[in-house]
Structures are given as structure tokens and as C-alpha cells.
Amino acid sequence: MARTQRIFFWSVTAALGGFLFGFDTAVISGAEQSLQALWDLTTLEHGLTVSIALIGTVIGSMLGGIPAEQLGRKKTLFWIAILYLVSSLGSALVSNWHLFLIFRFLGGLGVGASSVAAPMYITEISPAKSRGRLVAMFQFNVVLGILIAYLSNFLLQDIGDNAWRWMLGVQALPSLLFLIAVQNIPESPRWLLLKKGLVDEAREVLQMIDPESFGQILLTLQLSAHPADGTPQQTPRLFSARYKTPIMLAVLFAVFNQVSGINAIIYYAPRIFEMTGLGKSSALLSSVGIGVINLTFTLISLNLIDRYGRRTLMIIGSFGLIITLGLVSRAFYLESFSGLSVPILLFIYIAFFAFSQGAVIWVFISEIFPNEVRASGQALGSFTHWFMAALITFLFPYFAEQAGGFATFLFFCVMMVLQLIFCWRVMPETKGTSLEQIEKTFVVH
């Protein structure tokens with residue numbers, strides 16, 4: 001197998017965690033009404049049934065760096081595959097509501113942990129020149145998983161009273177594929193050397209990744225593990241002045257990702273369309289339409305991220321998000337909902353988001369932390385992302401009802417103005433730069 005094909009296979013395998021992440025997140029949308037009727041759930045119980053996986057995701061993202069650091073990236077991905085498999089089979093076969101919650105929670109843990117381990121693994125096995133495209137495949141697979149879940153739900157909805165079981169259980173197939181494939185990838189060379197001191201094993205993997213400059217990379221890694229001045233290496237702590245720049249960048253990037261309103265718009269698109277006077281029949285069209293546009297523009301971004309850079313895509317995307325959110329806010333202020341103006345604006349909004357924030361976030365956060373704290377740094381960025389996702393998703397219906405569409409979308413618009421300033425004045429460019437060079441730029445020595 002050629003070198004580029006081998007690295008692509010490893011990256012696609014890790015990115016399968018992203019596919020299952022997207023599928024698991026979206027698949028509940030087709031089953032939630034059947035579950036409410038089956039167990040005669042109250043409103044609060046119904047809300048818990050839908051959101052329990054998101055709770056697991058927040059916890060999984062917060063703790064996902066621990067196994068990635070202690071067990072290694074590969075073993076962590078293996079156990080994530082086990083979580084997905086157990087969750088999908090358990091959720092489909094269970095007949096008790098409380099057990100259902102447990103299995104969905106396990107799936108959420110897998111989603112959260114995969115948002116830490118998968119981008120980090122791909123980052124550490126990718127050559128600098130193609131790292132952006134390879135890591136962005138994780139987000140592409142997330143979006144693909146969401147779209148496939150929508151389509152799967154649509155195709156399975158009329159097969160009988162147990163359609164919901166098939167909707168949830170079909171996830172076992174890609175989970176099993178992930179479980180098998182992940183056993184055929186190597187461990188991260190940076191983890192092998194820096195955490196286990198396995199120089200020969202690390203050299204072997206690095207030589208497969210980059211036969212031209214693997215020696216220099218290995219030397220740099222060895223120097224970072226054993227400085228030439230003989231300074232004793234202490235166990236690094238993420239929250240120290242040394243790492244203040246990557247911490248600031250990761251937290252702000254993750255916060256801006258969610259105060260764009262993306263999850264509010266994806267989860268509540270039918271409600272937003274109804275606020276503009278459209279009927280309920282637009283719900284399926286909106287969800288599938290959003291999924292297709294999301295996938296298309298993520299694919300476009302994936303092919304441009306290493307050519308034009310992360311920062312360029314973010315600046316272009318910020319302008320697009322400001323304009324579309326501003327026009328949606330204006331439509332609510334004037335109560336001007338002629339034709340399909342708001343839905344079309346939201347589709348354009350999704351395109352700009354997928355082109356910028358959607359594709360860049362996991363790439364950028366996985367690049368900016370140095371090797372010794374990448375697992376905990378990735379976990380911090382992922383946790384911030386999921387915490388803000390849960391918060392915005394929870395608060396959106398209340399603010400939409402109390403403040404109305406004008407103020408709600410104006411808030412998102414103003415946040416994107418701040419994001420544009422952040423990208424223009426603060427965000428560095430990382431394209432084509434080795435992880436060790438990025439570390440020298442960001443870390444206080």
C-alpha cells in the first residue's frame with residue numbers, strides 16, 4: 001500500500017468515529033415520538049430521553065483525554081467503538097425506559113470521547129502539508145453521519161411498530177466496522193515516544209508517515225522529551241502560564257462555534273420556519289436540505305483548507321454568517337417573510353458555517369496544543385464546545401419566545417462580528433506547519 005493511501009486509510013478509520021458521532025446524535029430525531037408513546041413519558045421524561053446522550057457527550061468530552069493519555073490513542077478509539085456498538089444494540093433491544101437511558105448515555109460518552117481522540121489521532125499521524133484536509137475528514141464524517149441518520153429514519157419509518165428499534169439498531173453495522181478497522185491502524189508515534197519512551201516503535205511509524213523528514217521529527221520529539229540542558233521533566237499541567245495562548249485560542253474558538261447559533265438552527269429549524277408562517281410540512285425538507293448543504297460545503301472546505309489556510313476560511317465564513325444572520329434578524333424585525341426568504345437565508349448560513357467553523361474547529365484545536373498536553377487540551381476544547389452546545393440548545397426556545405426572532409438572531413449576528421475580529425486580529429495561521437513548529441510559536445518557554 002502506498003504511503004499516501006496508508007495514511008488516508010488510518011485517517012478514514014479514525015474518522016469513522018466522527019460518522020458514528022453524527023449518526024448517534026441525529027438518529028434519535030426519528031424515534032423520539034414513538035418512544036414517548038411507548039413508555040407514556042411526561043414532558044420532562046421525554047426531554048431527558050432525547051437529551052441524555054448529549055449529557056453523556058459533555059461528560060465524555062471532559063474525560064476523553066484521560067484514556068487517550070493513559071491507554072493511547074488507538075486503544076481509546078477501540079473502546080469508543082465498543083461503546084457505540086453496545087449503545088446501538090442495547091438501545092434497540094431494551095424494553096425498559098431506565099435501561100434505554102443508560103444505553104443512550106453510553107453512546108453519548110462515545111460521541112464525546114471520539115471528539116477528543118479521533119481528531120487528535122489524525123493530527124498526530126498526518127504530514128503537515130495535508131493535515132488540515134485529513135483532520136477535516138472527521139467533521140465531514142460527522143455531517144455525513146447526520147445525513148445518513150436522517151435518510152435511514154425516513155426509509156425505516158413505515159416498517160411497523162418497532163421501526164424505532166431498527167432506526168437505533170442499524171448503527172451497530174458501522175460500529176462493528178469501526179471496531180474491526182481500528183485494530184489495523186498503528187499507535188500515534190508521538191504518544192509512543194513521549195508517553196512510553198518507545199523510540200524504535202515511534203521511528204517505524206514516523207518513517208511510514210514521512211520517510212523524508214522522519215529523522216528530524218524524531219530528534220525534535222526526543223529533545224522535547226529530554227531537553228539538552230538536562231532540566232528534569234515534570235508532569236505537565238495544562239492550566240499553567242506556559243500554555244495560556246493555546247488555552248485562550250481553543251476556548252474562544254469553541255465558544256464562537258456555538259454562539260453562531262448553529263445547533264439552535266439545526267435542532268429547531270422547523271420551529272424557526274413556523275415562526276415565519278410556514279407550515280409543519282417544511283420540517284422534513286428543512287432537515288434533509290440542511291444535511292445536504294452541510295455535507296456539500298464541508299466537502300468543499302476539506303479540499304481548500306490546506307491550500308488557503310484555516311484563518312482565511314474563517315474570515316470568509318464570518319462575513320457570510322454576519323450577513324445572513326443580520327438579514328434573518330431584519331426579516332423578523334420587519335415581519336417580512338415573503339416566500340422562502342428566511343429558509344433560503346438559513347440554508348446559505350449553513351453553507352458558510354460548514355465552509356468555515358464546521359470544518360476548521362477540530363483541525364485547529366487539535367493542532368495548537370503541544371504534544372505533552374494535547375490530550376487534555378483537546379478535551380478542554382471539546383468540552384467547551386459541547387457545554388456551549390447544550391447551553392444554547394437549552395436556552396434557544398426560551399429566548400426565541402421571550403425576546404423574539406429579531407433579538408435572538410441579532411445576538412448571534414453580533415457574536416459573529418466578534419468572531420471576525422478574533423480571526424482577523426488574534427487567530428494565527430497553522431497550515432503547512434509541523435506540530436513541533438506550532439508548539440514553538442504558541443508555548444511560553
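Predicted model: local features only at pLDDT ≥ 70, side-chain atom pairs only at ≥ 80, totals over all residues.
Residues are numbered from 1 along each chain as its sequence is written, and side-chain values use heavy atoms, with hydrogens and water left out.

**Surroundings of H385**

I placed H385 in helix α18 (residues 374–402); helices are DSSP runs of H or I with at least four residues, numbered from the N terminus. Leaving aside residues up to four places away in sequence, I found that H385 touches A254, N257, Q258, I361 and W362 (contact means heavy atoms within 4.5 Å). The side chains of H385 and Q258 make a polar contact at 3.2 Å, that is, a pair of N or O atoms within 3.5 Å, of which, within protein, one must be able to donate a hydrogen and the other to accept it; residues adjacent in sequence count only if both atoms are side-chain atoms.

**α12 and α17**

I next examined α12 (residues 244–259) and α17 (residues 341–368), which pack at an angle of about 155° with their axes 10 Å apart. Axes are lines fitted to C-alpha atoms over the stretch in contact, and angles run from 0 to 180 degrees between N-to-C directions. The angle makes α12 roughly antiparallel to α17 (over 145 degrees; under 35 is roughly parallel, 65 to 115 roughly perpendicular, the rest oblique). From α12, the contact residues include A254 and N257, and from α17 they include I361. By class I noted 12 nonpolar, two polar and no charged residues.

**α1 and α4**

For α1 (residues 3–38) and α4 (residues 73–93) I noted an angle of about 30° and axes 11 Å apart. This makes α1 roughly parallel to α4. A14, G17, L20, F21 and D24 of α1 form the contact with L77, Y84 and S87 of α4.

**D40**

Which residue lies in the loop between α1 and α2 (43–63)? I found D40 there, with phi near 50°, a positive value in a residue other than glycine. Most residues other than glycine have a negative phi. D40 is exposed, with a relative accessible area of 65%.

Notes
Helix = DSSP H or I, 4+ residues; strand = E, 2+ residues; numbered from the N terminus. Nonpolar A, V, L, I, M, F, W, Y, C, P; charged D, E, K, R; others polar. Buried < 20%, exposed > 50% of the residue type's maximum accessible area, 1.4 Å probe, protein only.
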